Amino acid sequence: MSTESTRDAIVITAAPTYYSRLARRLHWTTFALVVIAYASINTRKLFERGSDERILAVESHFLVGMVILMLTLPRLVHRMKAPLPPIVPPPSAWSALLSKTTHVLLYAFLIVQPLTGIVARLAEGKGIGLPFTERVIPSFFGPHEALAAFLESAHVWIGEAFYWVIGLHILAALFHLLAGRDNVMQRMTGRS
Ligand code: HEM
Ligand code: HEM
């Protein structure tokens, strides 16, 4: 809430203090799902090839990744419509540029990473099995071995690279919280 004094009247303009409840819920739900996506695909290595446990880990990875994609598309629509809470006090130009670039990269990741995984799997001709059921989303094209190999290595490469980008994002958020000089973290937690 900001107050501007004019000669004749006091004009009150409302600016939100926090990201909207929906934006915050989508952010933290996506965070949890990204952790599960990484954890499930990494823990598959603990189990033997072809074992029920390994299939469950891989299929959970597919499902969670697809849910991330389904949440990100409406999230972006909401992002374009909902007013953004200002950072108080405002960040320096370089800090604003760095955070904007990181956020654009994170949104791109949340779309491109599931898509490369989905199309790689379909191009392999294997379909996408769903956990706890016998159901499989069938491959409706292919097999295209070269396309599948390219997308799978892109998927693995992007997955590795984003450990660093996500790590940078979390460190920046924690730095803002611990330094206590602005409201960056509070805007996303909804707590003052
Ligand atoms: C944001 C969501 C996702 C993230 C963060 C992610 C991350 C990763 C990572 C890091 C790996 C490499 C693991 C390793 O080899 O050490 C991987 C592998 C893989 N992912 Fe994803 N992924 C996501 C979504 C998806 C989706 C939606 C699908 C398909 C429906 C998919 C299919 C695959 C496949 C087929 C592999 C190779 C598995 C194997 O070699 O057995 N991923 N993913
Ligand atoms: C402990 C984990 C995390 C913390 C503490 C955290 C914290 C934050 C904070 C404080 C903001 C607001 C920053 C600002 O507006 O200047 C934010 C925004 C954002 N975060 Fe995270 N985050 C975490 C994990 C993640 C993960 C895993 C992802 C996705 C891979 C992610 C994606 C985003 C995106 C895309 C935005 C931009 C929101 C927008 O302006 O529309 N975050 N995060």
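How many nonpolar, polar and charged residues does the shell around ligand 2 have?

First, a word on the model: it is predicted, local features need pLDDT of at least 70, side-chain atom pairs count only at pLDDT 80 or more, and totals for chains, interfaces and linings use all residues. Residues are numbered from 1 along each chain as its sequence is written, chains are lettered from A and ligands numbered from 1 in the order in which they are written, and side-chain values use heavy atoms, with hydrogens and water left out.

Now the count: the shell around ligand 2 has 13 nonpolar, three polar and three charged residues. Here Ala, Val, Leu, Ile, Met, Phe, Trp, Tyr, Cys and Pro are nonpolar, Asp, Glu, Lys and Arg are charged, and the others, Gly among them, are polar.

**Exercise 1. Find the residues that come nearest to ligand 2, and its polar contacts.**

Step 1. There are 19 residues around ligand 2, and Tyr19, His27, Arg79, Tyr107 and His169 come nearest. A residue is near if one of its heavy atoms lies within 4 Å.

Step 2. Look for polar contacts (pairs of N or O atoms within 3.5 Å). A polar side-chain atom of Tyr107 is 2.5 Å from an oxygen atom of ligand 2. For His169, a polar side-chain atom lies 2.8 Å from a nitrogen atom of ligand 2. The side chain of Arg187 has an N or O atom 3.1 Å from an oxygen atom of ligand 2.

Step 3. Helices are DSSP runs (H or I, at least four residues), numbered from the N terminus.

**Exercise 2. Describe the site of the iron atom of ligand 2.**

Step 1. Find the protein donors (N, O and S atoms within 2.8 Å of the metal, or 3.2 Å for Na, K and Ca). His27 (NE2) and His169 (NE2) coordinate the iron atom at 2.0 Å.

Step 2. Check the angles. The arrangement is octahedral because the six donor atoms subtend angles of 88 to 180°; for six donors, this term asks for opposite donors over 155 degrees apart and all others between 65 and 115.

Step 3. See what the pair joins. His27 belongs to helix α1 and His169 to helix α4, so the two tie together parts that are 142 residues apart in sequence.

Step 4. Are these residues buried or exposed? His27 is buried, at 15% relative accessibility, and His169 is partly exposed, at 24%. Buried means under 20% relative accessible area, exposed over 50%, and partly exposed in between (1.4 Å probe, protein chains only).

How values were computed: Polar contact = N/O pair within 3.5 Å; in protein donor to acceptor, adjacent residues only side chain to side chain. Tetrahedral: all angles 85-135°; square planar, octahedral: opposite > 155°, others 65-115°.
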